[in-house]
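Hi everyone, thanks for coming along. Please have a look at the model on the screen, and I'll walk you through a few parts of it.

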Amino acid sequence: MATPPVETGPAIALTGVVKRFGRITAVNELDLDVSYGTVLGLLGPNGAGKSTTMRLLTGQTEPDEGTISVLGQPVPERSKQARLRMGVVPQQDNLDTELTTRQNLDVFASLYRIPRGERRKAVDEALALAMLTDRADAKVTELSGGMRRRLLIARGLVHRPDLVLLDEPTVGLDPQVRQELWSLIDRLRTEGVTILMSTHYIEEAERLADDVAVMSHGRVVARGAPLTLLSEHAGTEALEFFGTPDKLGRIEALSRAAGLPTRRTGPSVSVLRAESAPAALVESLGSGSRRAATLEDVFVLLTGERLE
Amino acid sequence: MTDTASHTAPTTVRRYEWVAFEAIWVRELTLFRRYWASTTFSAIVQPTIYLLAFGLGVGTLITSINGLSYVEYVGTGTVAMAVLFASAFPGMFSTFVRRVFQRSYDALLAAPVDIEELVLAEGTWIAAKAGIFGSIPLVVTFFFGLTPTWGMLFVPFIAFLAGLGWAYFGMWQSTVVKTIDAFTYITSAPGTTRAGGSSSGASPTPPDPRLGAAARRSVRTAAISARKREAHQLCRDVAQDASPRRDNGDRAHARLPDAHCLSERRRRDGLVARGRSRVMHEGHAHSIRIGASRTNEPIG
């Protein structure tokens, strides 16, 4: 981690990857690469193929088509070598609930081949990182939800991996715990760890990711730095209108006729690229509130408004 | 995550590695420290109850069977049963719970552990427990008048082999059944091994397809050969008392809905007739005892 990886080429590279489960195509011709030392936020609605992509990277699912390389190793053929230098934080808590905090880390310290003499130190460091030192001997069932998630993350970091896969790391956590995890992830980034983080919290991607890939229906539909994506797809400002469905429908029609994208946000409609809207149009739309465009606007524009 | 250098990973990684095997065993030992007392308790109490019930009850009416005293006869039978319980049940239930509910195997397989190592480590762990806890009833039987002989020193090893076969049989079944309730078909009607139906149906996020496919292949091979071995070694000594237990098995059958019972029987008879399930058939004689009781093994 302190020694920057000397490898050339991307840390993760997927080319034309297809994964089908029966008639469902979870990952469809996916191309994705992540450079060493960067944080990639994988954004997408539920069912977009984010978790399947994560499992393809660990060799826990094998692709039907395409090639995958992780840390220079072809996967799944040499997945074990890649996994040695990789930390995985799953979406679902799979800690050993009958064991203590420390025992959970001990098991993984040995699984990750940390030499016997260094295990104690590695586990102590992971405990400190996750701020669980004083709960080291508590059973997992005695920990709070936030502590369990921190332990799950510490478990994936106990061997100081070069690459970390975080699958929805902060889902279901309260704002304080989320902040803590964000600062933890930020710290890893400054240490040069490559991170692939799937999330559907837009704010999380905006804050942490150098680069964002928006997934929909098993492929990447947009890729770039958060600000670039914003200016490309949603502009800088949005006008938001509230009102009756009729009124909202009229606003949508007018805006689209003028070439401006719109999106529904529950009871309101947002007209994007409002900064480039002609004054006459703004006049005819009536009174709306002006706000900054967000990555969420991009997300909804690109992945569709309706649930499937 | 301080600024010290990262741990150097070994350059070569072999297919089977002692370190992965060891780590899984350490994990099992750590878990075992939480439930050894209850397992030991049942390993002692269960044969005691059997020996008291059959020894003092039926035993007063029967003096010997095939030249064996009744205590010798029942005592050795409890060994076979203890081995079966200590291996087939953890193979089925613990494996299923860890794979599907606790997702522990997901966690292990995301680390540098391959499916073959996991299956080998879990199977031998269960077999080792079966070797030890399967031999305890033998020691109990000493107190009921069984004379120790040198040959009995082989019992833990035979129990280990038999346990290995049953553990893999259980693990194989745990990849075949769709829900944990489907194990009822196996526990109440052993010998009909395709109890739960196939899990090959399309599911968007199967817990681990590698367990489903690769493991099923390897486990199946291991299970069948080990089970065959086990059937030969243990059944030969114990199977003479198959008839009373076959009654038990039929009672277990009778608890199932009639239609199911009939079709299962017809299927089994058909398989036997076609000579395909020689192993199942041989195993049936003492596996029927599964239906008689439940495991004391805590799940997980």
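Let me start with a term: two strands pair if DSSP finds at least two bridges between them. Strands and helices here are DSSP runs (E, at least two residues, for strands; H or I, at least four, for helices), numbered from the N terminus. This is a predicted model, where local features need pLDDT of at least 70, side-chain atom pairs count only at pLDDT 80 or more, and totals for chains, interfaces and linings use all residues. Residues are numbered from 1 along each chain as its sequence is written, while chains are lettered from A and ligands numbered from 1 in the order in which they are written.

Now, strand β7(A). Strand β6 (residues 86-89) of chain A runs parallel to β7(A), with 4 bridges joining them; here G87(A) has V164(A) as its bridge partner. β7(A) also runs parallel to strand β8 (residues 194-199) of chain A, through 5 bridges, and D167(A) stands opposite S198(A).

Is β7(A) enclosed or open? All 5 of the 5 residues of β7(A), 163-167, are buried, so the strand is largely enclosed by the rest of the structure. Buried means that 20 or more other C-beta atoms, placed from the backbone, lie within 10 Å of a residue's own. L163(A), L165(A) and D167(A) point one way, and V164(A) and L166(A) the other.

Next, the helices. The axes of α3 (residues 101-111) and α5 (residues 145-157) of chain A come within 9 Å and cross at roughly 25°. Axes are lines fitted to C-alpha atoms, for helices over the stretch in contact, and angles run from 0 to 180 degrees between N-to-C directions. α3(A) and α5(A) are therefore roughly parallel to each other, a label for angles under 35 degrees. Which residues meet? T101(A), N104(A), L105(A) and F108(A) of α3(A) meet L151(A), A154(A) and R155(A) of α5(A); contact means C-beta atoms, placed from the backbone, within 7 Å.

Finally, there is an open sheet of 4 strands in chain A, ordered β2-β1-β4-β5 with antiparallel pairing. Its edge strands, β2 (24-34) and β5 (73-75) of chain A, each pair on one side only. Strand β4 (residues 65-70) of chain A is joined to β5(A) by 3 bridges, in the antiparallel sense, and V70(A) has Q73(A) as its bridge partner. Helix α1 (residues 50-57) of chain A packs on this sheet, touching β1 (12-21), β2, β4 and β5 of chain A.

Conventions:
Buried ≥ 20, exposed ≤ 12 C-beta atoms within 10 Å, placed from the backbone. Parallel < 35°, antiparallel > 145°, perpendicular 65-115°, else oblique. Contact = placed C-beta atoms within 7 Å.
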